[in-house]
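Me: I'm new to this structure and would like to learn how to read it. Could you take me through some features step by step?

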Amino acid sequence: MTDDAPAPPPSRLRGLLPDLAPWRTSRDFRLMWLAGVITTFGSYLTIVALPVQVKDLTGSAAAVGAIGAVQLVPLVVFGLYGGALADAMDRKLLINVTEAAQGLLAAALLANTLLPHPLLWLLYVTAALSSALTGLQRPALDAIVQRIVPRGQLAAAASLNALRWQVGAIAGPSAAGLVIAWAGLSWAYATDTVTFAVSVCLGLGLRRSPAAHDAERPSLRGIAEGARYAWGRKELLGTYAIDLAAMFFAYPVAIFPFLADDLHAPWSLGLMYAAGSVGSLLVSLTSGWAARVHRHGRMVVLAAAGWGGAMALAGWAGGIWLVLLCLAAAGGFDMVSGIGRSTMWNQTIPDELRGRLAGIELLSYSVGPQLGQVRSGGVAAVSSARVSVWSGGLACVAAVGMLAAALPALMRYDGRGAAGAVRPGAEQDQKPGTGPGPETGGGPGTRPEAEPGPEPRNSLRAG
């Protein structure tokens, strides 16, 4: 090839890879990204260790599933209040205080494990408090992104944040199985405590992110305003309903320790927790195709049905490697659903409601898994772990089909007609997805503020 030969066109593969512009241009984004990877890795050690410890102390699948039950009410209450706080106070302060408190909870789990007879009730109390702190912190994490990343890089930031969660969610559970098997539960909790300390140090380097001078004080009226807006957007409401149903019926993470025993492969527990994130990562790394999809409602419905189908196959499968493959496929479908939900939320949420809608989104995203743990644990207690998994997968497919039939606005949604977010009180008499009203800074591909990229599901997550 001569020196004056034309340069080859950009490869299609390069067009599929994540855009690193936010990492290069924003110091605060780099700090948050690194803190997120570190704290997610540590948190997943606890996510695996906690149900294992409850199982060791009780031998009961229902007791393990009850972890989700005790987390539910704190998540609902503090998730809504956290959304209001994110619109009313310095988001950096809120993030760092809650992160430090999560570190203290990890230290409490460590101290409890070192007792001659660890206290079972303390495990449940710690899980409930962690859920409350997650509810307070998550909306602020979501809403701060628009202040540290240029508008043109928001979509890239969403992809990188999704990748951040997946890196920690793959490495954490994979390491957890080895750490617990070879060193014990105390080392898992100790490592989690250290990662929170490092994360707080990184968070202290963020610039202040004060509330707007005319921000409303947190109130029930303000929370209700956000809820009314969500209820008025039926296509938006549909994404919440589909996700809740999918997670309630087909989120069997709580019984993975029992499923591993049924398959005579206790060594595979960490891989089970990591498999879904592997599937999500593969979708994230090749997500350039998503820009060519416009029927986001159908995208969410089909992906949720795929999630349920993959879980049903995981319950039927007789070999551990086939089970892991099905779990990875389920994680990929969950990521596809998350991309569709993120895009739709981007096109419907106005700036002045981002914190409160992030709180509502947190409930949609997290309450389903909490209830799913209770369901899966209860069914496993009266049948078996495998029956709980495959029956939940089939129920998920059926529920998603019924919701799709009952929510025509979701199925009609077309992002090509979505010009921007609708302000509260604006006219909403047009067809859903065909121009939702005056533009308020939203638009396709610009909404990591309401969710910084789809992230892996888990039961005891620190922001």
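**Reading the model**

Me: Let's begin with sulfur: how many disulfides does the structure hold?
Reply: A disulfide is a pair of cysteine sulfur atoms within 2.5 Å. The structure holds zero of them. Before going on, note that this is a predicted model, where local features need pLDDT of at least 70, side-chain atom pairs count only at pLDDT 80 or more, and totals for chains, interfaces and linings use all residues. Residues are numbered from 1 along each chain as its sequence is written, and side-chain values use heavy atoms, leaving out hydrogens and water.

Me: Is Cys396 buried or exposed?
Reply: Buried means under 20% relative accessible area, exposed means over 50%, and partly exposed is in between (1.4 Å probe, protein chains only). Cys396 has a relative accessible area of 0%, so it is buried. Cys201 counts as exposed because its relative accessibility is 57%.

Me: Where does His264 lie?
Reply: Helices (H or I, at least four residues) are DSSP runs, numbered from the N terminus, as are strands (E, at least two). His264 is in the loop between α11 (256–262) and α12 (269–285). His264 has a relative accessible area of 70%, so it is exposed. Its phi is near 55 degrees, a positive value in a residue other than glycine.

Me: What span should helix α5 have?
Reply: The expected span is 1.5 Å times one less than the number of residues. Helix α5 (residues 91–113) has 23 residues, so it should span 33 Å, and its end C-alpha atoms are 33 Å apart, which agrees.
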